[in-house]
Amino acid sequence: MKNVLVKSKESSINRPMILLALIALTLAAGALVGKKAFADDYPNGCVSCHVEGTGALDMRINAVLSRLGHGKAADRSKVIPAACDRCHASSGDGPASALRNLIHRAHYTDPDANLFVTQYAGSCLHCHAMDGASGKASVKSGERNWTPIVGGEPITE
Amino acid sequence: MKDRVRVFSLAVITALLATTAPVQADEYPQGCVDCHKQEPGKTNLTLNALLAQIGHPKLPKVKKVPTSCGGCHASDEGEENQFAHMIHQIHFDVPKANLFTTRFGGDCLHCHAMDADSGEALVKSGPRNW
C-alpha cells in the first residue's frame with residue numbers, strides 16, 4: 001500500500017513535465033513545418049519589417065536612417081523603397097550608390113550577428129516577390145509608415 | 001523520474017534549436033547540380049534526364065551548369081524569354097504543387113549566392129553530373 005501511494009504521488013508530479021514536453025515538441029514540429037510555408041508575412045517589403053515595435057528600438061526606416069546620420073531625404077519618400085531610387089538609382093548613375101547592393105550588404109554582412117539572417121532566416125522573399133507565372137522577380141514596396149517632419153512640424157497629407 | 005527529466009530536457013533543446021537556429025550552412029553550394037542528381041533507388045533528377053523527357057536537344061557542350069546554358073539561352077535584361085525567367089517559372093509556378101516550394105521551401109539561396117561584401121546576388125554553378 002505504501003509503495004502504491006508513493007508511485008501515485010510521483011506520477012502526479014511528473015504529469016506537468018510530460019505536458020510541457022509535449023508542448024515543446026509541438027512547438028518544434030510547428031517551427032519545422034513553418035519553414036516550408038509559402039504565405040507572405042511581409043507583402044509590403046521594407047515597411048512590413050521595419051516597424052516602430054512595442055517597447056523595442058524604433059526600426060522604421062526613417063529612425064534607422066536618422067541613427068546612421070542619413071539626411072532628411074526619407075521624409076520626401078512616400079513609397080519605400082521605390083522613392084529611394086531618386087538618389088540611389090539601381091543603374092548606379094544616381095548621386096548615391098545603387099540601393100540594391102547597399103541593401104544586400106546591410107542585410108547579409110556578418111551573418112552570424114545580422115538580425116536579418118539570425119532572426120528572419122535571410123530570406124530573399126521577405127523583400128522580393130516572385131511571380132511564378134511570368135518568372136519575374138520584383139522588389140516589394142509599400143507606403144512609408146512614419147509621419148514626415150519638415151521645419152520641425154509633422155506634415156499631414 | 002530521471003528518464004522523464006531527460007525526455008523533457010531533450011524536447012526543450014529540440015524546440016529551442018528548431019526555433020532559433022539560423023539557417024546558414026549552404027547545403028547546395030553548386031546550385032542546380034546539388035539538387036538535380038541521381039540517387040540510388042530514386043527518380044533520376046539529373047538535368048540531362050529531365051531535359052530529355054521534354055524533348056530538349058542533347059547537351060554535349062555543357063560542362064558547367066547553368067553557365068554553359070548561356071550558350072543558347074539569353075540572359076539579357078529586358079529579353080522576353082530570358083533564362084532567368086524560365087528557371088524561376090519552373091521553380092515557382094503553382095507553388096502549392098511545385099516540388100521546389102513544397103519540399104525545398106522555395107529558397108532563392110539554393111540557386112543564388114549572396115556576396116555580402118559587394119552586395120551582389122550571384123548564380124551558383126557547378127560541373128555537370130552526367
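A salt bridge is a side-chain nitrogen of Lys or Arg within 4 Å of a carboxyl oxygen of Asp or Glu.

The model in your viewer is predicted, so local features need pLDDT of at least 70 and side-chain atom pairs count only at pLDDT 80 or more, while totals for chains, interfaces and linings use all residues. Residues are numbered from 1 along each chain as its sequence is written, chains are lettered from A and ligands numbered from 1 in the order in which they are written, and side-chain values use heavy atoms, with hydrogens and water left out.

**Stop 1: chain A as a whole**

Of the 157 residues in chain A, 26% are buried (buried means under 20% relative accessible area, exposed over 50%, and partly exposed in between, with a 1.4 Å probe and protein chains only).

**Stop 2: D40(A) and K140(A)**

How many salt bridges does the whole structure hold over all chains? The search finds five. For one of them, select D40(A) and K140(A), whose closest N and O atoms are 2.9 Å apart. D40(A) sits in the loop between α1 (2–34) and α2 (46–49) of chain A, and K140(A) in the loop between β3 (136–139) and β4 (142–143), so this pair ties together parts that are 100 residues apart in sequence.

**Stop 3: a network in chain A**

Next, select E52(A), D58(A) and R60(A), which are linked in a network of salt bridges. Within this group, the side chains of R60(A) and E52(A) meet at 3.8 Å, N to O. Is R60(A) buried or exposed? With 17% relative accessibility, R60(A) counts as buried, while E52(A), at 45%, counts as partly exposed.

**Stop 4: over to chain B**

Finally, select K42(B) and E39(B). These two form a salt bridge, with the closest N and O atoms 3.8 Å apart. K42(B) counts as exposed at 56% relative accessibility, and E39(B) is partly exposed, with a relative accessible area of 34%.

Technical notes
Helices (H or I, at least four residues) and strands (E, at least two) are DSSP runs, numbered from the N terminus.
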